[in-house]
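Before reading on, please look over the sequence and the model below. The paragraphs that follow start with the chain as a whole and then turn to its parts and their contacts.

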Amino acid sequence: NCSSSTTNASTPASAAWQCETGAEDDRMQRLVQVNCEHQTTLTPLYARCRGEQDRVRVLSALADYIAAPNDAVARANWATTLAGLSK
């Protein structure tokens, strides 16, 4: 249950809404699940984002990395996304 994330301003709005209503799309459902299960990791990263689009990019990159941790593209995208936040 990730109902607590629906009130968190640093949670991507699209994921927060999906946490409340459920998702029909597999990709969105996976993003919602990652958002809900990895709040400890995501919350400080969301705080470093400039806006909603950056938060969605972080969530997406983490979801792809979790789904395929040995995939070089997913791993590189996650690393690049993290590096972009430190600028």
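Helices (H or I, at least four residues) and strands (E, at least two) are taken here as DSSP runs, numbered from the N terminus. Counted in this way, the chain has five helices and zero strands, and from the N terminus on its elements run α-α-α-α-α. The model is a predicted one, in which local features need pLDDT of at least 70 and side-chain atom pairs count only at pLDDT 80 or more, while totals for chains, interfaces and linings use all residues. Residues are numbered from 1 along each chain as its sequence is written, and side-chain values use heavy atoms, with hydrogens and water left out.

Two terms are needed for the chain as a whole. A residue is called buried under 20% relative accessible area, exposed over 50%, and partly exposed in between (1.4 Å probe, protein chains only); a contact means heavy atoms within 4.5 Å. Of the 87 residues of the chain, 36% count as buried. Among the contacts with a separation of 6 or more, 53% are accounted for by residues 24 or more positions apart.

In helix 3, residues 39-47, the buried residues are Gln39, Leu42, Leu45 and Tyr46. Seen down the axis, the buried residues of helix 3 fall within an arc of 135°, so they line one face of the helix, whereas Thr40 and Ala47 are exposed on the other side. The buried residues of helix 3 pack against helix 2, helix 4 (52-67) and helix 5 (72-85).

How are two packed helices described? They are described by the angle between their axes and the distance between the axes. Axes are lines fitted to C-alpha atoms, for helices over the stretch in contact, and angles run from 0 to 180 degrees between N-to-C directions. Angles under 35 degrees count as roughly parallel, over 145 as roughly antiparallel, 65 to 115 as roughly perpendicular and the rest as oblique. The axes of helix 2 and helix 3 come within 6 Å and cross at roughly 90°, and the two helices are therefore roughly perpendicular to each other. Here Val34, Asn35, Cys36 and Glu37 of helix 2 meet Gln39, Leu42 and Tyr46 of helix 3.

Helix 2 also packs with helix 4, at an angle of about 95° and with the axes 9 Å apart, which makes this pair roughly perpendicular. The contact is made by Arg27, Arg30, Leu31, Val34 and Asn35 of helix 2 and by Leu59, Ser60, Leu62, Ala63, Asp64, Ile66 and Ala67 of helix 4.

Serine 60, found in helix 4, counts as buried at 19% relative accessibility, and, leaving aside its neighbours within four places in sequence, serine 60 is in contact with Arg27 and Leu31. Alanine 63 also lies in helix 4 and is buried, with a relative accessible area of 1%. Not counting residues up to four places away in sequence, alanine 63 touches Arg30, Leu31 and Val34. The C-alpha atoms of alanine 63 and valine 34 are separated by 6.0 Å, although these residues are 29 residues apart along the chain.

How values were computed. The arc is that of the directions from the helix axis to the C-beta atoms.
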